[in-house]
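Please read them with the model open.

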Amino acid sequence: NNDKINLSENKQREIDSFIDKYPFLKINTTYIDFLLTYSGLSYFDDKTDEDFTLYGFNSSGIEFSDKDYFNEPFLDSKGYFLFGHLSLPSQNKFYDFVFNSKNNTGIYIKENLEEKNFGYRFLCKSFEGFISKVDLQEIN
């Protein structure tokens, strides 16, 4: 695949260390493949301020190592692991995407409205299903 990035040894070690720190991610093999292939993803539309980001290790997006961006742990006390977000300001919709580390039952979504947070709800069973929903614009 021509889109694959070439990871330096240091970057490869950083990703391997991250995966070792969060071993439940290994069950999500497509997500691991995504990290090792693309190392993250970020899309921003200047006209609408729409922002879709899957965190990673790629400096063109939001890196997991960015202490200024992440003021909370990736893995919260309930076992949800934050791996991305979608911001649709024109619709006043802001979503976080998480894996459930405790039972690996799939991908969950949390909608945030200004100062109000809603609980997580099930979105789909797999990272493949998640990417499909994003591609088909079925996140709501």
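1. A definition first: a polar contact is a pair of N or O atoms within 3.5 Å, and within protein one must be able to donate a hydrogen and the other to accept it. At 3.4 Å, the side chains of E63 and K11 make such a contact. The model is a predicted one, so this pair should be read as computed from predicted coordinates.

2. E63 sits in the loop between strand 2 and strand 3. Apart from residues up to four places away in sequence, E63 touches K11, G56, F57, N58 and F70. Two of these, F57 and F70, return in the ring cluster of point 6.

3. Is N28 buried or exposed? With a relative accessibility of 15%, N28 counts as buried, because the cut-off for buried is under 20%. Beyond its neighbours within four places in sequence, N28 has contacts with F99 and N104.

4. Within helix 2 the buried residues are Y31, I32, F34, L35 and T37. An α-helix has 3.6 residues a turn, so residues three or four places apart point the same way. Which elements do the buried residues of helix 2 pack against? They pack against helix 1, strand 1 (41–44), strand 2 (51–54), strand 3 (80–88), strand 4 (93–100) and helix 3 (127–135).

5. The whole structure contains 36 aromatic pairs. In one of them, Y31 and F99, the ring centres are 4.9 Å apart and the planes stand at 65°, so the pair is edge-to-face. Because Y31 belongs to helix 2 and F99 to strand 4, this pair ties together parts that are 68 residues apart in sequence. Y31 and F99 are both buried. F99 is also one of the contacts of N28.

6. A tilted pair is formed by Y55 and Y69, with 5.8 Å centre to centre and 55° between the planes. Both residues lie in the loop between strand 2 and strand 3, so the parts tied together here are 14 residues apart in sequence. How do the two rings' residues stand in accessibility? Y55 counts as buried at 1% relative accessibility, whereas Y69 is partly exposed, its relative accessible area being 36%. Y55 and Y69 belong to a cluster linked by ring pairs, together with F18, Y22, F24, F57, F64, F70, F74 and F81.

7. The largest pocket has a volume of about 470 Å³. It is lined by 21 residues, of which N71, E72, L82, D96 and K110 are the closest to its centre. Strand 3, strand 4 and strand 5 (107–113) each give two or more residues to this lining, and strand 3 supplies the largest share, five residues. By class, the lining of the largest pocket comprises twelve nonpolar, five polar and four charged residues.

8. The second largest pocket has a volume of about 270 Å³. Its lining consists of E50, F52, L86, L88, Q91, V134, D135, Q137, E138 and I139. The elements giving two or more residues to this lining are strand 3 and helix 3. Five of the lining residues of the second largest pocket are nonpolar, two polar and three charged.

9. Most residues other than glycine have a negative phi, and most peptide bonds are trans. S39, which follows helix 2, has a positive phi near 60°. S39 lies in the loop between helix 2 and strand 1 and, at 1% relative accessibility, counts as buried.

10. D49 is not a glycine, yet has a positive phi of about 65°. D49 is placed in the loop between strand 1 and strand 2 and is partly exposed, with a relative accessible area of 40%. N92, also not a glycine, has a positive phi of about 55°. N92 is found in the loop between strand 3 and strand 4, and its relative accessible area of 37% makes it partly exposed.

Terms used. Residues are numbered from 1 along each chain as its sequence is written. This is a predicted model: local features need pLDDT of at least 70, side-chain atom pairs count only at pLDDT 80 or more; totals for chains, interfaces and linings use all residues. Side-chain values use heavy atoms; hydrogens and water are left out. Buried means under 20% relative accessible area, exposed over 50%, partly exposed in between (1.4 Å probe, protein chains only). Contact means heavy atoms within 4.5 Å. Helices (H or I, at least four residues) and strands (E, at least two) are DSSP runs, numbered from the N terminus. Rings of Phe, Tyr and Trp (its six-membered ring) pair if their centres lie within 6.5 Å; planes under 30 degrees apart count as stacked, over 60 as edge-to-face and the rest as tilted. On a 1 Å grid over the protein atoms alone, a cavity is a set of points where a 1.4 Å probe fits but cannot get out, and a pocket is an open set with protein on both sides within 12 Å along at least five of seven lines; lining residues have an atom within 4 Å of a point. Grid points are joined across faces, edges and corners, and a volume is the space filled by probe spheres set on the points. Ala, Val, Leu, Ile, Met, Phe, Trp, Tyr, Cys and Pro count as nonpolar, Asp, Glu, Lys and Arg as charged, and the others, Gly among them, as polar.
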